[in-house]
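Here is a briefing on a protein model.

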Amino acid sequence: MWCVGMEQKQPSTDDRIGEPSAQWREYRGAPTGTDIECKGWRQEAALRMLNNNLDPEVGEDPENLVVYGGTGRAARSWDAYDAIMAELRELGDTETLLVQSGKPVGRFETHEMAPRVLIANSNLVGKWDNWGHFHELEAEGLIMYGQMTAGSWAYIGTQGIIQGTYETLAAAGRQHFDGGLEGTITVTAGLGGMGGAQPLAVTMNGGCCIAAEVDERRIDRRIETGYCQEKTDDLDEAIERAETAAAAGEAYSIAVHTNAADMLEGMLDRGFVPDVVTDQTSAHDELEGYYPSGYTVEEADRLREADPDAYVEASLDTMARHVRAILELREEGAIAFEYGNNIRGQVQDHRDVDDAFDFPGFVPAYIRPLFCEGKGPFRWAALSGNPEDIHRTDEAVKELFPGKEALHRWIDLAQEQVQFQGLPSRVCWLGYETSETPEASRNGDGETAGDEDGLTERARFALRINELVRDGEIEAPIVVTRDHLDAGSVASPNRETEAMRDGSDAIADWPILNALLNCAAGADVVSVHDGGGVGIGNALHANNHVVLDGTDLAAEKARRVFTTDPGMGVIRHADAGYEAAIDAAERSGVAVPMRDREDE
């Protein structure tokens, strides 16, 4: 939480980060095509992904280096950005660049298989791991908040989060409504870089969505890019339109220009109870992410600058109302879940809302069964900038997995409804599953079931993309990364690891092991962060990039990384005692030493 008396020490954003870089003004997005500025495609991919994060079509406030989440930055300052760009251009094929909270701090000779870039963002020692100390360091220019994919140069706009939101809502539809969301109304809030996916994810599942957003510019952006259909300032109008569409079985979305707490309380006053209620405001950050009730965006911005302590108090007061309204709607029959922004933890910690966790987070409610199989958001971007490269990968993933009807439906829907932002990109959820017999995997004799090769789903697809690049069917290399919302790379007790079966929610060894293993396996960029979407001190998480440039080296890296990375999800959940993960390990031959040796 913000510390009283610190307002005099907090410089303005412009003072802290400087004026936008001249080269960024020239780029205004990622370079594209087949000519490169760096010494190799691995370095070039990092340069392009960094600039893609700061594309005005992708980032929330690129002039201030903010990618999403209110404060999630790609670099600490514009001077640091310029230095990173220079280092990437000079970086050799056997060198590794070190980036500490958005600032390049060293470059060392390593080897060809090592990562080209290692990143650590926002990490603090436990005793000091809180917003107050973070803001002190940030005011001194010593640290930045990297969110999850902002500071790891892996953000691809709202197109990146859309499938995770789609999968969550699809699971809710199956669990509560015997299928999809047809004929139902989902109420939510927050249409920023992450939450902006919600209206489209609802309509892709056949439902209706009413979403509150206090910043009208965000609403307009979601309408322009096809993520939301309409907007209004009138709550009664929004309810009437949604009810009419739901009664007709039509998919529909409307944004309400209002504060989330005000909207939910207004619904209770009217006796309107939605089928589903959730939230994706930036509640993890009570100072710069969440807007308090009673203020326009402009008024809130002035209050934040003039009196940050008062802003935080107003923000937390509004969050308490927000959560109590969700709890009341739940009591009236709505299905309620938190979508990973730690609003429950905020009001429990700071406003003594003891029953805040009476409604679950989305991971234990809907996503954990996928995590047990090592499944998560496998995402890729076309460095050429050519949409046809992504369309070819769409064909490839459908060809590789002909029996996965849900995957085919997702790809078809994404092609029809998800607009590209910045570098053309796609995401789909793939896991560890192989067709190799467990006995063959353990014995190393190479025996496989049928004609398959024993590769994981992710590795099979990555290797196929690499072949397409090699054969010229794809114009330029593809970079594969993921969201941190992943099976084995996160410790986040109020989100990904909430309510673990064995009580291991807060054990942060797992994301550290994930990052170390990805380095050992040969990922091209590896990063470790504190905070993510739930705030400083509430999570530790890791990420990676692999560049598929058609070479044998890329194939070797892909085979390893896309085995170890999803495999971490399987062993993490098997260790916690989830039968689904233990079964997945047995099916695919994942070594779980203590369990494998039980019968010896």
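**Packing and salt bridges**

L88 touches C38, Q43, A46, L47, L97, V117 and W153, leaving aside residues up to four places away in sequence; contact means heavy atoms within 4.5 Å. The model is predicted: local features need pLDDT of at least 70, side-chain atom pairs count only at pLDDT 80 or more, and totals for chains, interfaces and linings use all residues. Residues are numbered from 1 along each chain as its sequence is written, and side-chain values use heavy atoms, with hydrogens and water left out.

**Nonpolar cores**

- The largest nonpolar core has 112 residues, and L88, W153 and F461 touch the most other members.
- Helix α18 (residues 457–470) supplies the largest share of this core, 7 residues.
- A second, separate core holds 46 residues, including V187, L235, I254 and M267.
- A nonpolar core here is a set of buried Ala, Val, Leu, Ile, Met, Phe, Trp, Tyr and Cys residues joined through side-chain atoms within 4.5 Å.
- Buried means under 20% relative accessible area, exposed over 50%, and partly exposed in between (1.4 Å probe, protein chains only).
- In soluble globular proteins, nonpolar side chains tend to be buried together.

**A542 in its strand**

- A542 lies in strand β17 (residues 540–548).
- Helices (H or I, at least four residues) and strands (E, at least two) are DSSP runs, numbered from the N terminus.
- A542 is buried, at a relative accessible area of 0%.
- Its contacts are R482, H484, S489, P511, N514, A515, S527 and V528, not counting residues up to four places away in sequence.
- From A542 to F401 is 141 residues in sequence and 28 Å in space, C-alpha to C-alpha.

**Salt bridges**

- The whole structure has 40 salt bridges, each a side-chain nitrogen of Lys or Arg within 4 Å of a carboxyl oxygen of Asp or Glu.
- D215 pairs with R217, with the closest N and O atoms 3.1 Å apart. D215 is buried at 7% relative accessible area, whereas R217 is exposed at 57%.
- K375 and E373 form a salt bridge through their side chains (3.4 Å, N to O). K375 is buried at 17%; E373 is partly exposed at 26%.
- R392 bridges to E473, the closest N and O atoms being 2.9 Å apart. This pair links distant parts of the chain, 81 residues apart: R392 is in helix α15 (residues 387–400), and E473 is in the loop between α18 and β14 (478–482). R392 is buried at 13%, while E473 is partly exposed at 42%.
- R42, D524, D549 and K557 are linked in a salt-bridge network.
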